[in-house]
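Please walk through this protein with the model open beside the text.

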Amino acid sequence: MTTTEIINEAESNMKKTVEVVKKEFASMRAGRATPALLDKITVNYYGTPTPVNQLANISVPEARLLLIQPWDKTALPEIEKAILKSDLGITPASDGVVIRLTIPQLTRERRVELMKVIKKKAEEGRVAIRNIRRDTNDQLKSQQKEGKISEDDLKRKQEDVQKMTDRMIKDIDALLANKEQEIMQV
């Protein structure tokens, strides 16, 4: 593997890590309705675990209301069960045609709890990025030991990897700041 391939693979893995953090944040309830809240919920649909977004149209008619409209009306009770079993903490209201999820206002305690969780998720993302940096630097050092690159090239490549790491961590920090602001809004 060439040094360029090693660095490209590292960048790809770091971007994937940032995306994972982004998805984790999106699926966390912050007092505002978003279809991403239902991303992790799977429904037992004819014996097959199926994501809710593949069984129904999910819309946000109001800031704190999710409307779930199943394409197959027989899936409605199963969707309700899956939502009740999930860790969302929201009770679905069904009229036989659609399910309404009213997102309650966050209490102060819940906000503090959510802040701890998102900070932990962000730190996990940062650690994952640093691990990718370490692995990449190890690969580059082995390239230098094998005589494939010079010591100067090694230093330059390590600086590039560090800049990339700093950029990705800054992206995670920006995601964290946005989510903190979203949670702390009253």
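Which residue of E4 does Ala56 stand opposite? It is Pro70. Keep in mind that this is a predicted model. The pair belongs to E3 and E4, two antiparallel strands joined by 5 bridges. They make a hairpin, with 2 residues between them.

In general, strands of a sheet are held in pairs by backbone hydrogen bonds, in a parallel or antiparallel sense.

Next, follow E4 to its other partner. E4 covers residues 65-70, and E6 covers residues 99-102. They are antiparallel and share 4 bridges.

The E1 and E2 hairpin has 2 residues between its strands.

Stop at Tyr46, which lies in the loop between E1 and E2. Its phi is positive, about 50°, although the residue is not a glycine. For residues other than glycine, a negative phi is found in most cases. Is the side of the chain at Tyr46 buried or exposed? Tyr46 counts as exposed, because its relative accessibility is 67% and the cut-off for that class is over 50%.

Now step back to the whole chain. The protein has 4 helices and 6 strands. Read from the N terminus, the elements follow the order α-β-β-β-β-α-β-β-α-α.

How does the overall form compare with a compact globule? For 186 residues, such a globule would have a radius of gyration near 16 Å. The protein has 22 Å. The C-alpha trace spans about 70 × 40 × 25 Å along the principal axes. Of the 186 residues, 38% count as buried. Take the contacts with a separation of 6 or more: 63% of them are between residues 24 or more positions apart.

Gln105 is in the loop between E6 and H3. Arg32 is 73 residues away from Gln105 along the chain, yet their C-alpha atoms are separated by 8.3 Å. Gln105 has 44% relative accessibility and therefore counts as partly exposed.

Finally, turn to the largest pocket. Its volume is about 340 Å³. It is lined by 14 residues, and those closest to the centre are Ser27, Met28, Lys40, Asp87 and Leu88. Which helix gives the most to this lining? It is H3, residues 108-145, with 4 residues. By class, the lining of the largest pocket holds 6 nonpolar, 6 charged and 2 polar residues.

Technical notes
Residues are numbered from 1 along each chain as its sequence is written. This is a predicted model: local features need pLDDT of at least 70, side-chain atom pairs count only at pLDDT 80 or more; totals for chains, interfaces and linings use all residues. Side-chain values use heavy atoms; hydrogens and water are left out. On a 1 Å grid over the protein atoms alone, a cavity is a set of points where a 1.4 Å probe fits but cannot get out, and a pocket is an open set with protein on both sides within 12 Å along at least five of seven lines; lining residues have an atom within 4 Å of a point. Grid points are joined across faces, edges and corners, and a volume is the space filled by probe spheres set on the points. Ala, Val, Leu, Ile, Met, Phe, Trp, Tyr, Cys and Pro count as nonpolar, Asp, Glu, Lys and Arg as charged, and the others, Gly among them, as polar. Two strands pair if DSSP finds at least two bridges between them. The radius of gyration is taken over C-alpha atoms; the globule rule is 2.2 Å times the number of residues to the power 0.38. Buried means under 20% relative accessible area, exposed over 50%, partly exposed in between (1.4 Å probe, protein chains only). Contact means heavy atoms within 4.5 Å.
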